[in-house]
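I opened this entry to get my bearings.

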Amino acid sequence: MKIHNPPTVHTAPTYSHGIEVPPNARWLYISGQVGAGRDGKPLEGIEAQTKQVFENLKAILASAGMSFTDTVKVTTYLIHEDLIEGFRKVRAEQMGDHRPAATLVIARRLAQPGWLVEVEAIAAKA
Amino acid sequence: MKIHNPPTVHTAPTYSHGIEVPPNARWLYISGQVGAGRDGKPLEGIEAQTKQVFENLKAILASAGMSFTDTVKVTTYLIHEDLIEGFRKVRAEQMGDHRPAATLVIARRLAQPGWLVEVEAIAAKA
Amino acid sequence: MKIHNPPTVHTAPTYSHGIEVPPNARWLYISGQVGAGRDGKPLEGIEAQTKQVFENLKAILASAGMSFTDTVKVTTYLIHEDLIEGFRKVRAEQMGDHRPAATLVIARRLAQPGWLVEVEAIAAKA
């Protein structure tokens, strides 16, 4: 995995502008994960939901023999801009130093009314 | 293609939490498909539009020698939460038993005012 | 890279319905690019922001030894439907004749209040 942050593009504090994956990798596509416990009910607040999202991502990565350091791209959907700060705080705690390619979008809503955040990911391992 | 649904993550009724693709697959990226007929005009209602979306997806997959069972990830955009039920009904009829990784987001709008649903897909075949 | 535009699906004026990538390609995942200069501040208006977005994409592609002709999929987020026309005008100037798979969504907002457009891309080269 090779990081591309060309000097003509503004600095990216928590992500990489480009991530290159060589041929012959295994790929893992992860569905949008939400802040729901094993009973499927949404947890209370953006920080608890984000923590659950990253625990889910970690479990799905582990199931494929991967970890956060193998994530290539992360796409985050939040339902309100006021949730960005809480999301970023918990993401930094969970993801550590790894900086995948990333996109963050504020959507109108997610599939269930109580869901505040949804994160999908793509990972690859040679 | 290998499915990952770890036991610590809530059950996913109509999708898989993770889909793993081995090296050496051919990949097909499909543009967001909308419920427009060959004249480009939107069909009437969410069920007719969703049926057209999946007919388009099927035709594009077939052009690459693939089918729904090769889809790895599906991303759905709807313009209102009240459309989820109609979308899911038709998707289940069209997709059958195959459960790709999936994300569903309610957007503000799509590229044309009459479009209620847009679905993009990624497929892979060894 | 192989283009799939089956005759049963409406014509796609500025994109391809499906793009197929053979095995053994290098892949490049590019984060959502915004219309911010090197100081990170948003440029004025949709045309200036879109031009910056495509200059960023070009620089990141070049860093991996790629160019617009290697892009497989482009996803565009705009914060209002009135921005579509200005975005399309500049995209056509920047992208030239290459037609990747594409999705365009109108989102509620992007990560920063001044950002009008965000474009992420996936590219591949054998």
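**Strand pairing.** I began with strand S2 (residues 18-21) of chain A, which pairs with S3(C) in the antiparallel sense over four bridges. I looked up one partner: A:Glu20 is bridged to C:Leu28 in S3(C). I keep in mind that this is a predicted model.

**Confidence.** I checked the scores next. The model has an ipTM of 0.97 and a pTM of 0.97. For chain A the average pLDDT is 97, and 100% of the residues score at least 70.

**The contact between C and A.** How many residues of chain C are in contact with chain A? I found 27 residues of chain C in contact with 28 residues of chain A. On the side of chain C that touches chain A, strand S3 (26-34), H1, strand S6 (109-110) and S7 each supply at least two residues. S3(C) gives the largest share, seven residues. I then sorted that side of chain C by class: 13 nonpolar, seven polar and seven charged residues.

**Helix H2 of chain C.** I moved on to residues 84-95 of chain C. This helix, H2, has 12 residues and should span 16 Å at 1.5 Å a residue; its end C-alpha atoms are 16 Å apart, which agrees. Which residues of H2(C) are buried? I noted C:Phe87, C:Val90, C:Arg91 and C:Met95. They lie on the same side of H2(C), because they cover an arc of only 120° around the axis. The face turned away from the buried side of H2(C) carries the exposed residues C:Glu85, C:Ala92 and C:Glu93. Among the elements covering the buried residues of H2(C) are helix H1 (46-63), strand S4 (71-78) and strand S7 (117-125) of chain C. After H2(C) comes C:Gly96, with a positive phi near 70°.

**Helix H2 of chain A.** I repeated the look-up in chain A. H2(A), residues 84-95, reaches 16 Å from its first C-alpha to its last, close to the 16 Å expected for its 12 residues. Its buried residues are A:Phe87, A:Arg91 and A:Met95. Their arc around the axis is only 40°, so they sit on the same side of H2(A). On the other side, I found A:Glu85, A:Ala92 and A:Glu93 exposed. The cover over the buried residues of H2(A) includes helix H1 (46-63), strand S4 (71-78) and strand S7 (117-125) of chain A. A:Gly96 follows H2(A), and its phi is positive, near 70°.

How values were computed: Residues numbered from 1 in each chain as written. Chains lettered and ligands numbered in written order. Predicted model: local features only at pLDDT ≥ 70, side-chain atom pairs only at ≥ 80, totals over all residues. Expected span 1.5 Å × (residues − 1). Buried ≥ 20, exposed ≤ 12 C-beta atoms within 10 Å, placed from the backbone. Arc of directions from axis to C-beta. Contact = placed C-beta atoms within 7 Å. pLDDT = per-residue confidence, 0-100. Nonpolar A, V, L, I, M, F, W, Y, C, P; charged D, E, K, R; others polar. Pairing = 2+ DSSP bridges.
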